[in-house]
Every structure is written in structure tokens, then in C-alpha cells.
Amino acid sequence: MTDGVSVATTHGSMRRAPTSDLAHRKSRGAFFTPQPIADFLAAWAINRNAAARILDPTCGEAVFLQAAGALLAQLGAEAADLPDQLVGVDVHPGTLLAAEQALRAERLEARLLVDDFFALAPPDGPGARLPLFDAVVGNPPFVRYQEHAGAARHRAAEAALAQGVRLSGLASSWAALVVHACAFLKPEGRLAMVLPAELLSVHYAEPVRRWLRRRFAAVHLVMFERLQFEGALENVVLVLAQGAGGCDAFSLHHVRDAVDLARIQPFDHVNVVPAEEGKWTDLLLPTHHRQLFRSVIEEHFTSLDSYGSPELGAVTGANHYFAISEGTKTEYGLVDKHVVPISPPGTRHLQGLSFRKRDWERLRASGEPVWLLHPDGDQIDEALGNYIDHGEALGVPGAYKCQVRAPWWRPPLAAVPDLFFTYMSHRHPRLVANHAGVRHLNSMHGLRLRNDAPKSAQAALPILALNSVTMLGAEIFGRSYGGGVLKMEPREAATLPMADHAELVSAWQLLKNDRASIDRHLRQGLWTNVVKKVDEALLQRTMGLRHADVAELHQASRSLRQRRIGVD
């Protein structure tokens with residue numbers, strides 16, 4: 001597993017980029033838009049209006065302008081009028097030169113502006129260079145916050161704020177662009193854009209989700225079952241919005257891939273009411289899966305925080321210094337009063353149902369950092385002084401977390417949890433019993449069981465959390481990132497569906513004798529066997545769900561996981 005994330009879609013034509021150009025395109029979020037998507041969005045945006053004026057705010061090599069121009073010509077638009085009807089903006093002069101050549105090859109013309117779109121004033125502002133448009137189409141660059149920085153980020157944030165949308169510093173570039181682009185849209189105009197599917201799931205996109213409901217009278221979302229952009233790991237969603245005044249429900253369409261767009265019929269959609277707050281990941285599910293999931297959790301499930309509240313691990317500011325191996329401890333002469341035992345940073349070593357004392361001892365013998373520097377007093381003896389000097393030589397006191405605490409060399413401690421929660425996951429977050437009785441760092445969460453939790457909860461939860469409903473809940477309530485990473489912060493982990501107390505106890509009676517074999521299967525990576533066994537004991541035998549319903553829930557969980565990790 002990696003902590004990295006990958007950029008994904010943006011503008012472009014259907015011509016294949018040379019391999020040598022791929023890294024440069026990725027650095028600015030550039031991938032080619034499939035022609036069926038461009039044609040579909042252009043047709044919807046124009047709505048058979050031969051006089052429609054179309055803006056692509058990040059036009060790239062003009063695939064959307066070509067599609068719109070060809071359709072306008074078919075509808076009877078005069079060739080001489082097209083430069084007034086088709087406007088594209090892009091910050092790269094070379095890209096616009098390619099766009100101009102591509103348009104001319106199709107006997108089309110457009111007005112192409114070399115500029116940073118965020119530097120263009122809205123039509124109702126001073127210094128405006130563009131009018132209001134009937135439609136805004138395109139596929140904005142998807143550049144993550146790490147690369148979207150400096151003056152460019154500031155301009156983007158200010159442009160979004162001018163439209164009443166305050167974005168966090170973690171927002172990717174597309175979020176501000178789609179909001180700013182609609183400042184150029186007539187009140188009853190149409191928005192037709194390709195956006196990353198994280199629109200539905202990540203926290204930073206919540207202001208954009210609220211804005212969509214507030215700004216438009218009707219919003220349509222088109223979901224794809226398969227990845228649509230070659231070389232990109234990010235799923236996308238088509239957003240088609242129109243009118244003004246706000247809406248209560250969205251129209252939802254599910255298709256397999258871009259070719260299926262041509263088969264969408266006017267009344268083939270499903271109306272859904274997105275949550276007022278939080279994520280919309282469940283909209284990625286077909287309606288019957290979504291309804292089945294909701295009915296099952298309402299009848300049979302509670303939330304993880306009914307067992308205990310997920311808690312952050314200790315934040316040291318410099319794990320490479322504060323997390324210490326047995327060798328380093330011995331080298332500096334540190335003793336037990338200087339350190340406390342911990343689960344090493346990361347979660348790769350949490351393979352089974354529990355983290356045992358012998359697991360900790362094995363990691364200690366193999367040189368893993370199983371100690372945390374945490375002197376039990378302010379008195380500095382020779383051994384501690386030498387290690388503090390070592391930290392100062394490394395520049396550790398300059399780390400932000402070290403600067404804001406006194407003394408800098410004593411990091412905070414998190415309480416010893418009953419269970420660990422692996423909140424950064426590729427497959428699925430897991431609960432692991434802390435039988436070693438050690439503390440944890442911020443690479444995982446901890447869970448201390450409530451006094452009213454069942455006595456069997458510490459042993460039962462790691463197994464019974466491996467059911468299709470809980471796994472589906474993780475996909476819906478967690479944060480999905482490019483590259484396949486699923487992350488659950490404490491407040492999201494707290495909402496994770498868990499079997500209610502009585503049914504957990506009943507299912508545990510059916511499974512407790514199989515604990516050793518289940519643990520062995522998990523350590524061997526045989527997840528499918530485990531989930532099948534847990535689903536049978538918990539969902540079917542204890543809760544009484546039909547086999548067909550359990551199969552549907554399993555498929556829903558599997559499909560969202562495959563969508564997240566980019567598997568067709």
C-alpha cells in the first residue's frame with residue numbers, strides 16, 4: 001500500500017500523447033477526453049439551440065469545442081458566427097495552437113484566449129472580457145493541492161469565494177474552477193462537465209456539493225462502472241446542471257462506459273435526494289443496492305461509536321526520532337523510565353485478528369521501532385541527555401509539533417486502546433485486538449471499549465467487522481483517493497456500521513471456535529473465505545437475511561472497492 005495519490009482527468013483531444021509527454025501531462029492533470037463523452041456533453045449543453053454560446057474554460061486541444069462546433073453547424077449556425085459562439089481558454093500557448101489547428105481541420109473556428117481562467121473577471125465585474133454564456137462545458141484540470149499552490153491557489157480560492165463558496169486548503173484545482181466557470185453562465189444556462197468522482201466522497205468537496213444544490217434547478221449525475229481515461233487512476237462523474245433557484249433531488253444515471261452514453265433515454269434516470277451534509281458516495285450504487293443497504297443497517301446495525309469512540313494516535317512530529325528500535329535504545333543506554341512500548345508506525349504488521357505480546361517481541365527482535373521516547377520526569381540523566389543532543393543535531397526541535405510543546409522531547413501519549421483501527425487501507429479498514437497492551441501513533445486509530453459494550457467485543461469485533469455490510473459502509477463513509485487509498489478519520493470511523501450488540505454476541509457464539517482458522521486465513525491474505533464465513537454466520541444465520549440479499553450486498557461492496565482501486 002502507498003500513501004500516495006495519483007492525479008487524473010482533464011481536457012484534450014483523442015490523439016494519443018507520446019510516451020515522453022505523459023509525465024508532463026500528468027504534472028498538470030492532463031489526460032485525453034474520450035470522444036463519446038465530449039459529444040454527449042456538447043449535445044446536452046447546446047440543447048438543439050443553433051444560437052447557443054459555449055465556453056470551455058480549460059479547453060486544451062479543443063475536443064469539446066470541436067464537438068460543439070460540429071453540432072452547431074448541423075443545426076444551421078453560420079460559420080462566420082462560430083468565433084462568437086465558441087470560446088476556449090487555456091494557459092498553455094502551445095496547447096491552443098494545437099487546438100486552433102484541430103478546429104481548422106474540421107473547418108471550424110473559435111475564439112481562443114491564452115490566459116489563466118482564474119484571472120478573467122466575471123461578466124458582471126470590472127474589466128470583464130467575456131459575456132455570459134448559454135453553456136459551460138469541459139473537463140477541468142485535476143491537480144491535487146500539493147501541486148496546486150502559491151499565487152495560482154490564491155487566485156482560485158478568491159474566485160470561488162466571490163461566488164459564495166469557501167474552499168479548504170486541501171481542495172484540488174477542479175473545485176474552484178467549476179464554481180468560477182458558472183459565474184460566466186446565464187441564470188438559466190447549462191453546465192456540462194467531467195469531474196473526478198471524489199466530488200461525491202471527499203470532505204473538501206462538500207462546499208461544492210452544497211453549492212450545486214443551491215445554484216441549479218436541476219442536476220443530473222452520470223456514473224461510470226469502468227475507468228474512462230487511459231493512464232489515469234481516478235474515476236469520473238458527468239455533471240449536467242441547468243437553471244437556477246436550487247433543487248431538492250438529483251437525477252442519477254448509471255452506465256458501464258462512454259459508449260453507453262448514446263443509449264441514455266430521457267426517462268431512464270432515478271431521482272435521489274443527496275444528504276444535506278457529508279458524502280454522496282452511496283449515489284455510486286444502483287438504487288436497489290442503496291435501498292437494501294439502508295434498510296439492513298436501520299434494522300440490524302448500530303455504529304462503531306456505540307462500542308467505543310475511535311481516537312487518534314500520538315502525534316510526535318518526528319517519528320524517525322521518537323519511535324526507537326531496541327538497538328537504538330541499547331546504543332544510547334535508554335531504560336524503561338525513558339520509553340514506553342508501542343505498536344510500530346504503520347499497519348503492515350497488523351495482519352491477523354490481534355496484535356499479541358509475541359508479535360511485539362518478534363518486531364523488537366527484528367529491529368522495528370517498538371519504543372516511544374517518553375521520559376517519565378523532567379530530570380535529564382546522561383543517557384537521556386545524549387539522545388536529546390542527538391535529536392538537536394538532527395534538527396528535531398524545529399519540527400512544528402515539537403516547537404509548540406514543552407519540553408520538545410516528550411511527545412504526548414495516547415491511551416492504551418483495546419483495539420487498533422487501520423484507518424488507511426487499500427482493501428478495507430480492520431479492527432485488531434491490542435492483546436500486547438501497547439500504545440499507538442497516528443498511523444492508526446485506537447478504540448477503547450465502553451463500559452456497556454459486550455464482554456466479548458474485543459475478541460468479536462475484529463472478526464464480525466469483516467462482513468459485507470460493514471465493508472460497504474467503509475466505502476460509503478470513508479474518503480476515497482486516487483491510487484486506491486481509503487481513509488477514515490475518527491468521526492467517519494465512528495459512523496461505520498457494526499452489528500448491534502445482541503446480534504454481535506449471537507454471531508460470535510457461532511464463530512468463536514473458528515477464530516484460529518480465520519486468523520490464519522487473514523494472515524495468508526485469504527479475505528474471500530473469511531468474508532463468506534462471516535456473512536453466513538452474521539447476516540444469514542443471525543440476522544435472517546436472504547442469501548440473495550447478502551449476495552447483493554457483497555456485490556455492492558465489491559463494486560465500490562473495485563471502482564476505488566481502479567479494477568475493471
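The model is predicted, so local features need pLDDT of at least 70, side-chain atom pairs count only at pLDDT 80 or more, and totals for chains, interfaces and linings use all residues. Residues are numbered from 1 along each chain as its sequence is written, and side-chain values use heavy atoms, leaving out hydrogens and water.

**A three-stranded sheet**
- Three strands make an open, antiparallel sheet in the order β12-β15-β13; strands here are DSSP runs of E with at least two residues, numbered from the N terminus, and two strands pair if DSSP finds at least two bridges between them.
- At the edges lie β12 (323-325) and β13 (339-341), each pairing on one side only.
- Three bridges link β12 to β15 (residues 369-373), and Ala-323 has Leu-372 in β15 as its bridge partner.

**An enclosed strand**
- Strand β6 (residues 218-224) is largely enclosed by the rest of the structure, because six of its seven residues are buried (under 20% relative accessible area, 1.4 Å probe, protein chains only).
- With β7 (residues 236-242), β6 runs antiparallel over six bridges; Ala-218 is partnered by Gln-242 there.
- With β8 (residues 250-255), the pairing of β6 is parallel over five bridges, and Val-222 stands opposite His-253.

**Nonpolar cores**
- The largest nonpolar core has 107 residues, and Trp-174 and Leu-221 have the most contacts inside it; such a core is a set of buried Ala, Val, Leu, Ile, Met, Phe, Trp, Tyr and Cys residues joined through side-chain atoms within 4.5 Å.
- A second, separate core of 38 residues includes Ala-45 and Val-236.

Conventions
Helices (H or I, at least four residues) and strands (E, at least two) are DSSP runs, numbered from the N terminus. Buried means under 20% relative accessible area, exposed over 50%, partly exposed in between (1.4 Å probe, protein chains only).
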